[in-house]
Amino acid sequence: MPHSLVNVDGHTYQVSLEQGQVWVHLPFAVDPHELSVQLQREGYALAHEPDTPDTQGWGETFDPNGYYPYCVFPDPTAPGRSVFAFYPRPEDVVRQGPDGEAVALSLGRESERTIARWVPWLRRRAAGREPDQGVNVSSSPE
């Protein structure tokens, strides 16, 4: 699958296009229950009950059709890590090699802003810590 790297707050993340979504491969695991509690506290609508064991989607408002623009779930390629996923924006481009195979993902400004907004938030708050208390995530060796 096409991928690229993105740097946010001094951390580099692999980003790929998987199953029609932009996947940001996080080098840590997000606790979905703690994530749910934090999102609810900040007024976001949740796709699943807070005690759902391994995934959570969210958005600004409740969607009766179940569409929520952001999601976190376990990384299927890296046990002990999570993926932050969202749908690509029209300006995102998949670059193709000479044989026509997708080789790289080039993100547009809106996707870069989405990553810059949510990835640091996930690092700081998914495990229930406020920003001034530091990061509390379970890291896996890189």
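Mentor: Helices (H or I, at least four residues) and strands (E, at least two) are DSSP runs, numbered from the N terminus. Here the chain follows the pattern β-β-β-β-α-β-β-β-β-β-β-α-β along the sequence, that is, two helices and eleven strands. This is a predicted model, in which local features need pLDDT of at least 70 and side-chain atom pairs count only at pLDDT 80 or more, while totals for chains, interfaces and linings use all residues. Residues are numbered from 1 along each chain as its sequence is written, and side-chain values use heavy atoms, with hydrogens and water left out.

Trainee: What share of the residues of the chain count as buried?

Mentor: Buried means under 20% relative accessible area, exposed over 50%, and partly exposed in between (1.4 Å probe, protein chains only). Of the 142 residues, 47% count as buried.

Trainee: How does one read the pairing of strands, for instance that of S1 and S2?

Mentor: Two strands pair if DSSP finds at least two bridges between them. Strands S1 and S2 pair in the antiparallel sense over six bridges, and Val6 stands opposite Tyr13 in S2. Their hairpin has two residues between the strands, and Asp9 takes a positive phi near 50° there.

Trainee: Which residues of S1 form its covered face, and which its uncovered one?

Mentor: In a regular strand the side chains alternate between the two faces of the sheet. In S1, Ser4, Val6 and Val8 make up the covered face, whereas His3, Leu5 and Asn7 make up the uncovered one.

Trainee: Which residues have the most contacts inside the largest nonpolar core?

Mentor: A nonpolar core is a set of buried Ala, Val, Leu, Ile, Met, Phe, Trp, Tyr and Cys residues joined through side-chain atoms within 4.5 Å. The largest one has 26 residues, and Val24, Leu26, Trp58, Phe84 and Ile115 have the most contacts inside it. Elements that each supply at least two of its residues include strand S3 (21–26), helix H1 (32–41) and helix H2 (109–125). The largest share, five residues, comes from H2. Apart from this core lies another, of five residues, among them Cys71, Phe73, Val83 and Ala85.

Trainee: With which residues is Leu26 in contact, beyond its neighbours in sequence?

Mentor: Contact means heavy atoms within 4.5 Å. Leaving aside neighbours within four places in sequence, Leu26 is in contact with Tyr13, Arg81, Ser82, Val83, Phe84, Val119 and Leu122.

Trainee: How is strand S7 placed, and with which strands does S7 pair?

Mentor: Four of the five residues of S7 are buried, so this strand is largely enclosed by the rest of the structure. S7 pairs in the antiparallel sense with strand S6 (residues 56–59) over three bridges, and with S8, also antiparallel, over five bridges. Trp58 has Tyr70 in S7 as its bridge partner, and Pro74 has Ser82 in S8.

Trainee: Which residues lie nearest the centre of the largest pocket?

Mentor: On a 1 Å grid over the protein atoms alone, a pocket is an open set of points where a 1.4 Å probe fits, with protein on both sides within 12 Å along at least five of seven lines; lining residues have an atom within 4 Å of a point. The largest pocket is lined by 14 residues, of which Gln21, Gly57, Tyr68, Tyr70 and Cys71 lie nearest its centre. S7 gives the most to this lining, with three residues.
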